[in-house]
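Hi there,

Here is the structure I promised to pass along, with the sequence beside it. My notes on what turned up follow just below.

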Amino acid sequence: MKQNILYSASFILGMLLLGLCIKGGIDNFANKDRQVTVKGLAEQEVPADKVTWPISTKEIGDDLPALYAKINQTNQTIRQFLQAGGIKDSEITTGAPTVIDLNAERYNENRRPYRYNITSTITVSSNQVDRVRQLMARQGELLQKGIAIVEGDYDSPKVKYELVSFPSMKGKMMTEAIKNAEATAQQFAENSHSTLNKITRADQGQFSIDDRDDNTPHIKKVRVVTTVTYSLKD
């Protein structure tokens, strides 16, 4: 008698467990496609922390040794101007002059009043972005000394601003992007009378670094968009 009662109790318990498993399987099957995919955005404007400023000058004439002497004197004056403005020697590089012999040009049919064209470039590469920008605004002081900076030529090197501290920003910005994605997903879940569940899929996010606008290249706009998929449950 007791043995039959135990068998019956075990059978009933087994059926209850089986029923719970079947219900859970049905719920999982019903909810397996209930997902929401959202995008999270994080955006920040930060000042550039490195600047590369190429300072090009040009001399023209027929006496090559005299032109070299003049270009060397010009470079010395520029270096003194930079050093007086707080730029370190280690941040200043003087490149080798580029010489064009106009008489030797193959397709030059028109005789020029001068033969040689010498271009020299001093490059400032510094993390002192504000200090360098102040010196850029004072280029007129060099003009007063008879030194004209070559700018605007299609082949002239341009000022370049960089954000070298970007890697240290990535983690915090990704966290912010995922947080914004979760807020959007939470709102969707509430509107659909569901509960937000776990993340089922997420991408790393695509970062971009651009100038804020054409007039302020020293201000960088850092942006990341990440895509996250959440499961939903009742």
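One thing to keep in mind as you read: this is a predicted model.

Let me start with the aromatic rings, where the count comes to one aromatic pair. The partners are Phe-166 and Phe-207, whose ring centres lie 5.3 Å apart with the planes at 75°, so the pair is edge-to-face. Because Phe-166 belongs to helix 5 and Phe-207 to strand 8, the pair ties together parts that are 41 residues apart in sequence.

Helix 5 runs over residues 166–191, and its 26 residues reach 37 Å from the first C-alpha to the last, close to the 38 Å expected. Have a look at Lys-172, where a kink of about 25° is centred. The buried residues of helix 5 are Phe-166, Met-169, Met-173, Met-174, Ala-177, Ala-181, Ala-185 and Ala-189. Their cover includes strand 1 (35–47), strand 7 (195–202), strand 8 (206–211) and strand 9 (219–233). Just after the helix, His-193 takes a positive phi of about 55°.

Now for the nonpolar cores. The largest has 19 residues, and those with the most contacts inside it are Trp-53, Ile-55, Ile-78, Leu-82, Ile-87, Val-124 and Val-132. Two or more residues each come from strand 2 (50–61), helix 2 (64–84), strand 5 (116–126) and helix 3 (129–136). Helix 3 gives the most, with four residues. Apart from this core lies another, of ten residues, including Ala-42, Leu-163, Met-169 and Met-174.

Leaving aside residues up to four places away in sequence, Ile-87 touches Leu-82, Ile-92, Val-124, Gln-128, Arg-131, Val-132 and Leu-135.

Helix 2 comes next. Its 21 residues reach 30 Å from first C-alpha to last, close to the 30 Å expected. Buried here are Leu-67, Ile-71, Thr-74, Asn-75, Thr-77, Ile-78, Phe-81 and Leu-82. Seen down the axis, these buried residues fall within an arc of 160°, so they line one face of helix 2. As a reminder, an α-helix has 3.6 residues a turn, so residues three or four places apart point the same way. On the other side of helix 2, Pro-65 and Ala-84 are exposed. The buried residues pack against strand 2, strand 3 (92–94), strand 5, helix 3 and helix 4 (140–143). After helix 2 comes Gly-86, with a positive phi near 100°.

Finally, helix 3. Val-129, Val-132, Leu-135 and Met-136 are its buried residues. They cover an arc of only 125° around the axis, which puts them on the same side of helix 3. Asp-130 and Gln-134, on the other side, are exposed. Strand 2, helix 2, strand 5 and strand 6 (160–162) are among the elements that cover the buried residues of helix 3.

Happy browsing, and do write back with any questions.

Best wishes

Definitions and conventions:
Residues are numbered from 1 along each chain as its sequence is written. This is a predicted model: local features need pLDDT of at least 70, side-chain atom pairs count only at pLDDT 80 or more; totals for chains, interfaces and linings use all residues. Side-chain values use heavy atoms; hydrogens and water are left out. A nonpolar core is a set of buried Ala, Val, Leu, Ile, Met, Phe, Trp, Tyr and Cys residues joined through side-chain atoms within 4.5 Å. Buried means under 20% relative accessible area, exposed over 50%, partly exposed in between (1.4 Å probe, protein chains only). Contact means heavy atoms within 4.5 Å. The expected span of a helix is 1.5 Å times one less than its number of residues. The bend at a residue is the angle between axes fitted to the seven residues ending there and the seven starting there. The arc is that of the directions from the helix axis to the C-beta atoms. Rings of Phe, Tyr and Trp (its six-membered ring) pair if their centres lie within 6.5 Å; planes under 30 degrees apart count as stacked, over 60 as edge-to-face and the rest as tilted.
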